[in-house]
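Q: Could you walk me through how to read charged side chains and their surroundings in a model like this?

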Amino acid sequence: MRHKSEKPTIRIATVADAGGISDVLAKLVAAGMRKKPSDTAFALSHYVSDPERIRCSVAVASDGDILGFQSLKLATENNPYEVEVGWGVIGTHIKPSAARRGIGRALFKSTLQAAQQKGLPAIDATIGVNNPEGLAYYEAMGFREYRQMEGAVCKVFRVSEV
Ligand SMILES: CC(C)(COP(=O)(O)OP(=O)(O)OC[C@H]1O[C@@H](n2cnc3c(N)ncnc32)[C@H](O)[C@@H]1OP(=O)(O)O)[C@@H](O)C(=O)NCCC(=O)NCCS
């Protein structure tokens, strides 16, 4: 089990990672932490190859297992969360067995770098009100609440203020 406690590698996701990303989502569904799709086609279309993708980063264990990923997309007209056009939209998913080991924190370094390179002014995180770990995670990364939606809290990270 030694390899599982080693620091995972953070890198940009490729098409070949879609199966591993799907597995992360499936583990969250199995743990009752997710209700949306988790299949490989969804992982590919929604994260790895999404046309609005800015960067999708994966955390990979030394045995190749994908432990988690973070997606940064560009908010365009009619985006589902009604985020201001031109902002980033972030999503983070870590396998429950790999949570609270600093993987989310490491992934955000990669995401923030991508946001800065893209010149984004801000990043939106929309989090369910009944998701205390998600709310605590984004708060710890420097996101702050700026609006509420039905059943969700929206937090913003001001990239231009870093
Ligand atoms: C929320 C989530 C992304 C956190 O990822 P993670 O890799 O466990 O987070 P990290 O270990 O990097 O934690 C970074 C900081 O966030 C905060 N945090 C993370 N998980 C927390 C928890 N369960 N309770 C309280 N604070 C938490 C802490 O401040 C933590 O720093 P610390 O461990 O030094 O105290 C992960 O649990 C997850 O994928 N959950 C399911 C999906 C989800 O809810 N995504 C986000 C909302 S869309």
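Q: Is Lys27 buried, exposed or partly exposed?
A: A residue is called buried under 20% relative accessible area and exposed over 50%, with partly exposed in between. In this predicted model, Lys27 has a relative accessibility of 38% and therefore counts as partly exposed.

Q: With which residue does Lys27 form a salt bridge?
A: The criterion is a side-chain nitrogen of Lys or Arg within 4 Å of a carboxyl oxygen of Asp or Glu. Lys27 meets it with Asp23, the closest N and O atoms being 2.9 Å apart, and because these two residues are four apart in helix α2, about one helical turn separates them. Asp23 is partly exposed as well, at 26% relative accessible area.

Q: Which parts does the pair of Lys95 and Asp23 tie together?
A: Lys95 also forms a salt bridge with Asp23, again with 2.9 Å between the closest N and O atoms. Lys95 lies in the loop between β4 (88–94) and α4, whereas Asp23 lies in helix α2, so the pair links parts that are 72 residues apart in sequence. Lys95 itself is buried, with a relative accessible area of 4%.

Q: Where do Lys73 and Asp50 lie?
A: Their side chains meet in a salt bridge at 3.0 Å, N to O; Lys73 lies in strand β3 (residues 66–74) and Asp50 in the loop between α3 (40–48) and β2 (53–60), so this pair ties together parts that are 23 residues apart in sequence. Both Lys73 and Asp50 are buried.

Key:
Residues numbered from 1 in each chain as written. Predicted model: local features only at pLDDT ≥ 70, side-chain atom pairs only at ≥ 80, totals over all residues. Heavy atoms only, no water. Buried < 20%, exposed > 50% of the residue type's maximum accessible area, 1.4 Å probe, protein only.
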